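Please look over the model shown below before reading on. The paragraphs after it are meant to be read beside the structure.

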Amino acid sequence: LASTTQDDKTEVREYFNTEGFNRWNKIYSDSDDVNKVQLDIRNGHDQTIQKILNWLQADGTVQQQTFCDCGCGVGSLAIPLAQMGAKKVSASDISDAMANEAKRRAQALGIRNAEFYTSDLESVTGQYDTVTCVDVAIHYPDEKMVEMIEHLCSLSKDRVMISFAPKTWYYVFLKKIGELFPGPSKTTRAYLHEESIIRDALTKCGFAVQREEMTATNFYFSRLLEAKRV
Ligand code: SAM
């Protein structure tokens with residue numbers, strides 16, 4: 001199992017430093033150079049980010065909070081969080097290319113309350129009010145999820161927000177079709193997750209789910225949970 005995980009991580013790091021960077025940097029931007037599938041994924045992902053920002057807006061406490069965004073990509077969540085006046089945003093990604101692009105985008109916007117660095121989320125340290133991990137679990141095999149959630153919880157003083165692709169019969173079926181017709185672009189392995197495994201892991205770490213959302217478009221599906229320390 002350990003070697004499979006290592007292979008997964010190496011593969012993910014390499015992918016998001018090369019083809020994956022080019023692909024996702026375009027999806028996570030307003031570039032016109034995207035196909036219909038990529039546009040659909042962009043819209044779905046935007047909805048997930050907006051749902052998180054809406055929750056935080058409703059709470060009205062962003063300015064008193066520190067945030068740790070694990071697997072930050074190009075900063076799609078970390079940058080608006082900083083713009084909302086978060087006390088401090090600490091964002092990291094296993095891919096140098098993604099973390100550097102996030103840093104570049106933040107600098108171009110004159111953001112000063114966010115830092116971006118390259119790190120496997122399991123090597124992130126510190127204590128933060130809120131820990132977020134959006135659409136990263138898809139790169140984690142089931143048997144590594146509990147450990148990953150335990151680590152996220154250990155970084156959090158108050159709240160964890162995590163999103164993942166849920167393992168329902170319908171999505172398992174879609175994924176099977178996708179594997180039969182993989183298309184021309186190279187991609188990484190993708191893992192769907194049983195919601196109960198994620199919930200149980202959060203509960204075991206002393207967190208209770210407070211709010212939840214599901215975002216589904218044609219090619220994007222993401223379950224979002226917000227859990228608070230009890
Ligand atoms: N969270 C970002 C967002 O929602 O815009 C990016 C989502 S993107 C689909 C997945 C990101 O997770 C990639 O940037 C990838 O490099 C990163 N990632 C995957 N495994 C990781 C790990 N073990 N530690 C840190 N980042 C990881």
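What follows goes through the ligand site, some single residues, the salt bridges and a surface patch.

This is a predicted model, in which local features need pLDDT of at least 70 and side-chain atom pairs count only at pLDDT 80 or more, while totals for chains, interfaces and linings use all residues. Residues are numbered from 1 along each chain as its sequence is written, and side-chain values use heavy atoms, with hydrogens and water left out.

The ligand comes first. Around the ligand there are 21 residues, and His 45, Gly 71, Asp 93, Leu 121 and Val 134 come nearest; a residue counts as near when one of its heavy atoms lies within 4 Å of the molecule or strand in question. Helix 1 (residues 2–17) gives the largest share of this shell, 3 residues. Helices (H or I, at least four residues) and strands (E, at least two) are DSSP runs, numbered from the N terminus.

Gly 71 places a polar backbone atom 2.6 Å from a nitrogen atom of the ligand. Asp 93 uses a polar side-chain atom, which lies 2.6 Å from an oxygen atom of the ligand. For Ile 94, a polar backbone atom is 3.2 Å from a nitrogen atom of the ligand. The ligand taken alone exposes 600 Å², and the protein buries 98% of that. Accessible areas come from the Shrake-Rupley method with a 1.4 Å probe, and for residues only the protein chains shown count as cover.

Thr 132 belongs to strand 4 (residues 128–133). Thr 132 counts as buried because its relative accessibility is 1%; buried means under 20% relative accessible area, exposed over 50%, and partly exposed in between (1.4 Å probe, protein chains only). Not counting residues up to four places away in sequence, Thr 132 touches Cys 68, Asp 69, Cys 70, Leu 77 and Met 161, where contact means heavy atoms within 4.5 Å.

Asp 135 sits in the loop between strand 4 and helix 6 (142–155). Its phi is near 55°, a positive value in a residue other than glycine. With a relative accessible area of 18%, Asp 135 is buried.

Gln 65 is in another setting, the loop between helix 3 (36–59) and strand 1 (66–70). Its relative accessibility is 10%, so Gln 65 counts as buried. Among the residues that Gln 65 touches, leaving out those up to four places away in sequence, are Asp 158 and Arg 159.

Both of these partners take part in salt bridges. Side chains of opposite charge can pair when their charged atoms come close. The rule used here asks for a side-chain nitrogen of Lys or Arg within 4 Å of a carboxyl oxygen of Asp or Glu, and by this rule the count comes to 21 salt bridges. In one of them, Asp 158 pairs with Lys 228, the closest N and O atoms being 3.6 Å apart. This pair links distant parts of the chain, with Lys 228 in strand 7 (residues 221–229) and Asp 158 in strand 5 (residues 156–164), 70 residues apart. Lys 228 is partly exposed at 26%, and Asp 158 is partly exposed at 22%. Arg 159 is part of a network of salt bridges that also links Asp 59, Arg 211 and Glu 226.

Last comes the surface. Trp 169, Tyr 170 and Phe 173 form a nonpolar patch there, with about 420 Å² of accessible area together. Patches are made of residues with over 30% relative accessible area and no salt bridge, like charges being joined within 9 Å and nonpolar side chains (Val, Leu, Ile, Met, Phe, Trp, Tyr) within 5 Å. Tyr 170 is found in helix 7 (residues 169–180) and counts as partly exposed at 40% relative accessibility.

Definitions and conventions: Polar contact = N/O pair within 3.5 Å; in protein donor to acceptor, adjacent residues only side chain to side chain.
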